[in-house]
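This report describes one protein model, beginning with a single residue and its surroundings and ending with the chain as a whole. Please keep the sequence and the structure in view while reading.

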Amino acid sequence: MPSNKSVSDAPIVQFTNCRILRDHQLQREDLWVREGKILNPEKLFFDEKGSADVQLDCKDSIIAPGFIDVQINGGFGVDFSLATDDFKSGIDLVSQKILSHGVTSFCPTLVTSPPSVYHQVLPQISVRNGGAHGAGVLGAHLEGPFISKEKKGAHPEHCLRTFEAGAFQDLLATYGSLDCVQIVTLAPEMRRSSEVIRELTKRGICVSLGHSVANLSQAEEAVQHGASFITHLFNAMLPFHHRDPGIVGLLTSDKIPAGRRVFYGMISDGIHTNPAALRIAHRAHPKGLVLVTDAIAGMGLAPGRHTLGQQVVEIDGLNTYIAGTKTLSGSVATMDTCVRHFQEATGCSVETALEAASLHPAQLLGIEHKKGTLNYDSDADFLMLNDSLYVQATYIAGEEVWRQDVSGM
């Protein structure tokens, strides 16, 4: 059957012999792609009388949406919280390297830093599509400096800030610009945080609660003002207590506004969160779980000393500590490792594990109409994986951008 070129001259690629993650199920269907989008084959056949120009045998692979990492501080020697003149080349390097781990979009994350760092770095971050050059940039995640001193974790205390009389203006003066900002993590118990949350939300910026000593009612109030995410649940917040469960209590709160969902990030690296805690969170609120790496510059590098913003960190195996302490400081886990560990620790389905790294972060950022699914007309950012969830190939806009080298195997 000849292709009908009246609609588009672009080639149509048909991926066959695969199981596609669609509507929360792995389905034995073909995947059709044209011009970087996923096609509806029925429209192609009946409206256009078209057919595939290229057929690719996927050899029974799983095809899943590309992973979206909304909290990644760097990797491969690059630290997003260090102001350098060639910052863009650092973003380029990380975005290229994470393709092999299935990440097709990400939010470069800056930990608490002096204003001068934000003023120098943020203008160098621009939202961009992914491609052969690397994963797409969705916008920056600013974790701090408006966080709790008691729960600062690996954030430098001398850079922490509070909201003064002109709260939102304080934030603007600190960051310099919000043009490329996608997420801001702050502590909701801080005075005047409500007006800041409202202003950020009004601008379409996701507000995340973290590095905080907030009680449950303070956390619920923040959600009522627009907050929608929790930064690395259980880490850098008050531990769950049965009389006041703190931020953790948002997972089962009955005070969440109708039609709203609270999402929460989890570092599923086997270090930051005990598998039992991972299971408790997942069973309490499965649709809100978002896997994040919280990866630092040392991801992909040998053990030893590396940086995290203003601090020196030491990597020992999968543990990363602020040098000379036992304070955890981000992770060196890759996203595909987190997905596999999550599935193993919780016993959840393959579909659930994959959606925690794709659909849920897309829903959090309000981009699920184009990312995080394999629905018709969405972006053709997807992965081929084997049954053990190891990435075999990564595609962005329907083009192969990385493939596992099997020549040496």
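## Thr 174 and its contacts

Leaving aside residues up to four places away in sequence, Thr 174 touches Pro 115, Tyr 118, His 119, Pro 145, Phe 146 and Arg 161; contact here means heavy atoms within 4.5 Å. Thr 174 is part of helix H4, which covers residues 167–175. Helices (H or I, at least four residues) and strands (E, at least two) are DSSP runs, numbered from the N terminus. With a relative accessibility of 1%, Thr 174 counts as buried. The classes are buried for under 20% relative accessible area, exposed for over 50%, and partly exposed in between, with a 1.4 Å probe and protein chains only.

One of the residues touched by Thr 174 is Pro 145. Pro 145 sits in the loop between strand E11 (140–143) and H4. The peptide bond that leads from Gly 144 to Pro 145 is cis, and its omega is near 5 degrees.

## Basis of the model

The model is predicted: local features need pLDDT of at least 70 and side-chain atom pairs count only at pLDDT 80 or more, while totals for chains, interfaces and linings use all residues. Residues are numbered from 1 along each chain as its sequence is written, and side-chain values use heavy atoms, with hydrogens and water left out.

## Strands E6 and E9

Strand E6 spans residues 67–72, and six of its six residues are buried, so E6 is largely enclosed by the rest of the structure. E6 runs parallel to strand E9 (residues 103–111), and four bridges join them. Two strands pair if DSSP finds at least two bridges between them. Among the positions that face each other, Ile 68 stands opposite Ser 105 of E9, and Asp 69 has Phe 106 of E9 as its bridge partner.

In E9, nine of the nine residues are buried, so this strand too is largely enclosed by the rest of the structure. E9 also pairs in the parallel sense with strand E10 (residues 136–137), over two bridges. There, Ser 105 has Gly 136 of E10 as its bridge partner. Three bridges join E9 to E11, again running parallel, and Thr 109 stands opposite His 141 of E11.

## Two buried loop residues

Thr 293 belongs to the loop between strand E16 (289–291) and strand E17 (304–308). Its relative accessible area is 1%, and it is buried. Not counting residues up to four places away in sequence, Thr 293 touches Asp 69, Gln 71, Ile 72, Ile 267, Ser 331, Ala 333, Thr 334, Met 335 and Cys 338. Thr 293 and Leu 278 are separated by 15 residues in sequence and by 14 Å in space, C-alpha to C-alpha.

Gly 330 lies in the loop between strand E19 (319–322) and helix H8 (335–346). Gly 330 is buried as well, at a relative accessible area of 9%. Its contacts, not counting residues up to four places away in sequence, are His 272, Asp 294, Ile 296 and Thr 320. From Gly 330 to Asn 319 the separation is 11 residues in sequence and 8.8 Å in space, C-alpha to C-alpha.

## Two residues with positive phi

Phe 234 has a phi near 80 degrees, a positive value in a residue other than glycine. Phe 234 is in the loop between strand E14 (229–230) and strand E15 (263–266), and at 27% relative accessibility it counts as partly exposed.

Asp 377, which is not a glycine, has a positive phi of about 75 degrees. Asp 377 is placed in the loop between helix H10 (359–364) and strand E20 (382–385). With a relative accessible area of 56%, Asp 377 is exposed.

## The chain as a whole

The protein chain contains 10 helices and 22 strands. Of its 409 residues, 57% are buried. Among contacts with a separation of 6 or more, 69% are between residues 24 or more positions apart. The C-alpha atoms fill a box of roughly 70 × 45 × 40 Å along the principal axes.
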